[in-house]
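Hi everyone, thanks for coming.

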Amino acid sequence: MALRGSLLDLGIIDLLQFPNSGRKTGLLSIRGVNGEAKLYYVKGKLVHAELGNLSSMDALVELSDWSEGEFEFHIGMEPNQTSIEMDLHRLVMMVLKIRDERAQSRKSTQAPGPSGQDSDAALIHRQLEKFRQNQSHILYAGMLDPDGNLIAEANGANKTTDEIRRLQTMLQAFMGDYPRSGIKRIFIDDDTGFVVGARLAGEKTLLLVVDHNPTLGTVALSLSRLTDILEKGNPI
């Protein structure tokens, strides 16, 4: 027998945690004006989420803004895949953090600056996006403030939010814990390409995700060029 209800009676965050409290296995289906979200639980653990073309963390972040819709919980229905392995409490906290960061980023990007000029975040976003478009091997470019909050990003490859946020956290932690002073650049060469970090003026951090096609030298040149654009205002 399916349990049914409305988001007007039970908020989305409370609803996400409902199956966990009873260690239930099944499908939580939520229908709203933006489509239908499907959340699968196994013994109370959320193991998979999908909403249209989105899945995992991206689907949950999109879903977290819903305030209207109808839901049903179908007991016993199990998923055919697993896309989430994080503890539900930590997962909810990360979803809310990413949602708030996106909202702040949109607000900063849209807000006009003094005398009608664009905000700094909007300018940085345009610089990152234009540079990424001119450098096809760059899949993602983002800038973080000293506290690790996102200032602006260009995500042409639609890299998953979960992967990007983990890379940002890893980069900030490494730079913060590095035992020697004056760290400037980090290059990581993995199976899928390069992950590059650079310290900018004002303790800001630049993160690049690059595909596997260019050489390390080409990646280093791209980083130097983008750093000059961001810090010295050199044209793209």
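Let's start with a term: buried means under 20% relative accessible area, exposed means over 50%, and partly exposed lies in between, with a 1.4 Å probe and protein chains only. This is a predicted model, where local features need pLDDT of at least 70, side-chain atom pairs count only at pLDDT 80 or more, and totals for chains, interfaces and linings use all residues. Residues are numbered from 1 along each chain as its sequence is written, and side-chain values use heavy atoms, with hydrogens and water left out.

So, is Gln 168 buried or exposed? Gln 168 counts as buried because its relative accessibility is 5%. You'll find Gln 168 in helix H5, residues 161-177; helices are DSSP runs of H or I with at least four residues, strands are runs of E with at least two, and both are numbered from the N terminus.

What does Gln 168 touch, beyond its neighbours within four places in sequence? Its contacts (heavy atoms within 4.5 Å) are Tyr 140, Leu 144, Leu 150 and Leu 207.

Now the sheet. Five strands form an open sheet in the order S8-S7-S11-S10-S9, with antiparallel pairing; two strands pair if DSSP finds at least two bridges between them. At the edges sit S8 (150-154) and S9 (185-190), each pairing on one side only. S9 is joined to S10 (residues 193-199) by 6 bridges, running antiparallel, and Phe 187 has Val 196 as its bridge partner in S10.
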